[in-house]
Amino acid sequence: MNLMETMRKNWKQGLLAAGLAACAVSATAGDNPRDPYEGFNRAMFATNEVIDKAVKPVAQAYDAGVPLPVKAGVGNFFGNVGDLWTGVNSALQGKGGNAGNDFGRLLVNSTVGIFGLFDVASELGMEKHDEDFGQTLAVWGVGDGGYLYWPIIGPRTLRDTGGFIVDTNVDPVWHIDPIPVRNSAVALRFVDI
């Protein structure tokens, strides 16, 4: 199965998950309507604290041991990869000018910026936007729903959880083959944040 077929399949699964999350918005709230899943959230927060203690030394070693220009290049590369999906979301939200800018950033940084290692587009005055599918769902009128606290990815509303699933399914980094290279890229992006 080639990359486009995989992305098409995963897009459908992500859209289904987003739809299910949007349907769950009407779930019965507990004592606090903004935090109907408080017990779950407290447990996930505690889980995140444990994960943070395990990952923090790795992130600190990366921060201390990797030269700033390399860290900047890593961040720029993953930011450039994200500009494609940002542009798609800008377009889906009806922000044509921003979408054109986002696709322009991708073009400039992928060529002149050597595969996105250098953020030449920002130097040229092309603004970087931050759009995701959760924001797109909001523009389309999907309510935010209850608040959830997830391990590793942190707090999200139900709508943004569905959006995150779609975002992850269309992210090209998750489709890298062979799998050990993909896992290394995902780990590097996670530690670089």
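Visitor: Is isoleucine 114 buried, partly exposed or exposed?

Guide: This is a predicted model, so keep that in mind throughout. The label comes from relative accessible area, with buried meaning under 20% and exposed over 50%. Isoleucine 114 has a relative accessible area of 43%, so it counts as partly exposed.

Visitor: Where is isoleucine 114 placed, and what is its phi?

Guide: Look in the loop between H4 and H5. Phi of isoleucine 114 is near 50°, which is a positive value in a residue other than glycine. Phenylalanine 115 is in the loop between H4 and H5 too, and its phi, near 60°, is again positive in a non-glycine residue. With a relative accessible area of 63%, phenylalanine 115 is exposed.

Visitor: Let's zoom out. How many helices and strands does the chain have?

Guide: There are 8 helices and 2 strands. Going along the sequence, you read α-α-α-α-α-α-β-β-α-α. Of the 193 residues in the chain, 34% are buried. Take the contacts between residues at least 6 apart in sequence: 62% of them join residues at least 24 apart.

Visitor: What should I look for inside?

Guide: The general idea is that in soluble globular proteins, nonpolar side chains tend to be buried together. Here, the largest nonpolar core is made of 8 residues: Tyr62, Val74, Phe78, Val81, Val173, Ala185, Val186 and Val191. Helix H3 (68-92) and helix H8 (179-192) each supply at least two residues of this core. Another core, of 5 residues, lies apart from it and includes Trp85, Phe133, Leu137 and Val166.

Visitor: Which residues does valine 186 contact, leaving aside neighbours within four places in sequence?

Guide: Valine 186 is in contact with Val173 and Trp174. Valine 186 is also one of the buried residues of H8, along with Arg182, Ala185, Val191 and Asp192. Among the elements covering those buried residues are H2 and H3.

Visitor: How do I check the length of a helix?

Guide: For H8, 14 residues should span 20 Å, and the ends are 20 Å apart, so the two agree. Helix H7 (residues 158-170) has 13 residues that should span 18 Å; its ends are 19 Å apart, which agrees. Helix H4 (residues 96-111) reaches 23 Å with its 16 residues, close to the expected 22 Å.

Visitor: Which residues of H4 are buried?

Guide: They are Ala99, Asn101, Asp102, Gly104, Arg105, Val108 and Asn109. What covers them includes H3 and helix H5 (120-123).

Visitor: What joins aspartate 177 and proline 178?

Guide: A cis peptide bond, with omega about 15°. You'll find proline 178 in the loop between H7 and H8.

Visitor: And how do I read a pocket?

Guide: Rolling a probe the size of a water molecule over the atoms shows where empty space is left. In this model, the largest pocket has a volume of about 1300 Å³. Its lining takes in 35 residues, with Arg156, Phe164, Asp171, Arg189 and Ile193 nearest the centre. The elements giving two or more residues to that lining are helix H2 (38-65), H3, strand S2 (154-157), H7 and H8.

Visitor: How many nonpolar, polar and charged residues are in the lining of the largest pocket?

Guide: By class, you get 16 nonpolar, 7 polar and 12 charged residues.

How values were computed
Residues are numbered from 1 along each chain as its sequence is written. This is a predicted model: local features need pLDDT of at least 70, side-chain atom pairs count only at pLDDT 80 or more; totals for chains, interfaces and linings use all residues. Side-chain values use heavy atoms; hydrogens and water are left out. A nonpolar core is a set of buried Ala, Val, Leu, Ile, Met, Phe, Trp, Tyr and Cys residues joined through side-chain atoms within 4.5 Å. Buried means under 20% relative accessible area, exposed over 50%, partly exposed in between (1.4 Å probe, protein chains only). Helices (H or I, at least four residues) and strands (E, at least two) are DSSP runs, numbered from the N terminus. Contact means heavy atoms within 4.5 Å. The expected span of a helix is 1.5 Å times one less than its number of residues. On a 1 Å grid over the protein atoms alone, a cavity is a set of points where a 1.4 Å probe fits but cannot get out, and a pocket is an open set with protein on both sides within 12 Å along at least five of seven lines; lining residues have an atom within 4 Å of a point. Grid points are joined across faces, edges and corners, and a volume is the space filled by probe spheres set on the points. Ala, Val, Leu, Ile, Met, Phe, Trp, Tyr, Cys and Pro count as nonpolar, Asp, Glu, Lys and Arg as charged, and the others, Gly among them, as polar.
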